[in-house]
Amino acid sequence: MARVETVAWVRPPEPIGGLDHLGVQAPCVALYGQLLPGITNVTDRARYYSFHPWLLWSFEKRYGDHSLDAFQRVLRRSECLFALVAIQHARKLGEDEGAHGKAMVGRDRLLRIEPSSRFSLDDLAALEGPDRYFKNKLGGLGQYYFGPLRDLRILDRPPGGKEQPPGYDRERGIALADAFAAAVPGDAFFRTLEATSSKWADLDELAPFCPCALHQSAVEHGLILDLFLARSEPHRGDEGTARRASIGLMLDLASRSGNDPEHAFESSLRGAAYSGALSDGSPWEVTADLQQAQRGWGTYQRNELLSVALQ
């Protein structure tokens, strides 16, 4: 029997999305991770570094069902509530959002709730629907914070496989969880979390959860500084030293009078590290312990410029 050949049109290839079609910015990403390990351009609020281990620790203690589905429900509700508390606290004090809820996970969506209306965490934390606060099933933890927290040995991959919630370190993770727990009204938080609906005024008693309260929680604040600045021996090592030097370099730049207030700080950092000069033209001279970090950020910026030119 003769074979019949068939000719047909095929679907044209889809254009590649994104901004880095050639992958030339991959070295920038790698350099960033080496210069500032454990902190990324989307880990905007330091208090998530203690909130998430506390949440895992609390979930383990307060709930009998430790399945991934059960944790996902509690996590999504908790992240919503965490951001709502910060929004309400800023409104209550009549202050700018910068010290309170700015850059918290889901904040932009949650701001749509009218201050005079009640809200349901069921709707806000749902996986689908017009009111959901975030698309990723594991919220901001899954999208932004898990990788850095794992790299810092605060959280870990699920000990029982990927169908289980993430694990947390029994030393660093528990220390942060304990410190966070001592500073916040945990029972009131979970009571509100499980309520059918709430009004904004119900969140006033949860004000100690607001990121602005971090500096009032001395032990928690100290542990996060130890973590970021490698102030104590357990946090030392190559990664801790690199992170400490980069943050020290940023603090040095922030203290300089030659900075231009018209420029965003990150732009000033890249420009000054690349050129070795401040925006007023004066040289940016740093101490010996910061020079390697300064050269590293200069290399980062050169690669950024070259990657744009190549594309």
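Predicted model: local features only at pLDDT ≥ 70, side-chain atom pairs only at ≥ 80, totals over all residues.
Student: Which helices each supply at least two residues of the lining of the second largest pocket?
Tutor: By class, this lining has six nonpolar, five polar and two charged residues. The helices that each supply at least two of its residues are H1, H10 and H12.

Student: Which residues lie closest to the centre of the largest pocket?
Tutor: The largest pocket holds about 1100 Å³ of space. Its lining is made of 34 residues. Those closest to the centre are Tyr-32, Leu-36, Ile-39, Thr-40 and Asn-41.

Student: How many nonpolar residues are in the lining of the largest pocket?
Tutor: At least two lining residues come from each of H1 (26–35), H6 (139–151), H10 (238–254), H11 (265–275) and H12 (288–310). By class, the lining has eight polar and eight charged residues, and the nonpolar ones number 18.

Student: Which residues of H6 does H2 meet?
Tutor: On the H2 side, the residues are Tyr-48, Tyr-49 and His-52. The residues of this contact divide into six nonpolar, one polar and no charged. The partners in H6 are Leu-141, Tyr-145, Pro-148 and Leu-149.

Student: At what angle do the axes of H2 and H8 cross?
Tutor: H8 covers residues 186–193, and its axis comes within 12 Å of that of H2. The two helices are roughly perpendicular to each other. Their axes cross at roughly 75°.

Student: How many charged residues are in the contact of H2 with H8?
Tutor: From H2 come Phe-51, Trp-54, Leu-55, Ser-58 and Arg-62, which meet Gly-186, Asp-187, Phe-189 and Phe-190 in H8. Five of the contact residues are nonpolar and two are polar, while the charged ones number two.

Student: How far apart are the axes of H3 and H6?
Tutor: H3 (residues 68–93) packs against H6 at an angle of about 80°. That angle makes H3 roughly perpendicular to H6. The axes are apart by 7 Å.

Student: Is Arg-153 buried or partly exposed?
Tutor: Arg-153 lies in the loop between H6 and strand E2 (155–156). Its phi is near 60°, a positive value in a residue other than glycine. At 49% relative accessibility, Arg-153 counts as partly exposed.

Student: Is Ala-230 buried or exposed?
Tutor: Ala-230 is in the loop between H9 (218–229) and H10. Its phi is near 50°, a positive value in a residue other than glycine. Most residues other than glycine have a negative phi. Since the relative accessibility of Ala-230 is 1%, the residue counts as buried.

Student: What separates the C-alpha atoms of His-235 and Leu-152?
Tutor: His-235 lies in the loop between H9 and H10. Leu-152 is 83 residues away from His-235 along the chain. The separation of their C-alpha atoms is 8.8 Å.

Student: Leaving aside neighbours within four places in sequence, with which residues is His-235 in contact?
Tutor: His-235 has a relative accessible area of 12%, so the residue is buried. With those neighbours left aside, its contacts are Arg-172, Asp-226, Leu-227, Ala-230, Gly-240 and Arg-243.

Student: What percentage of the residues of the chain count as buried?
Tutor: The chain has 12 helices and four strands. Its C-alpha atoms fill a box of roughly 85 × 55 × 40 Å along the principal axes. Of the 311 residues, the buried ones make up 44%.

Definitions and conventions. Residues numbered from 1 in each chain as written. Heavy atoms only, no water. 1 Å grid on protein atoms, 1.4 Å probe; cavity = no way out; pocket = protein on both sides within 12 Å on 5 of 7 lines; lining within 4 Å. Points joined across faces, edges and corners; volume = space filled by probe spheres on them. Nonpolar A, V, L, I, M, F, W, Y, C, P; charged D, E, K, R; others polar. Contact = heavy atoms within 4.5 Å. Buried < 20%, exposed > 50% of the residue type's maximum accessible area, 1.4 Å probe, protein only. Axes fitted to C-alpha atoms, helices over the stretch in contact; angles between N-to-C directions. Parallel < 35°, antiparallel > 145°, perpendicular 65-115°, else oblique.
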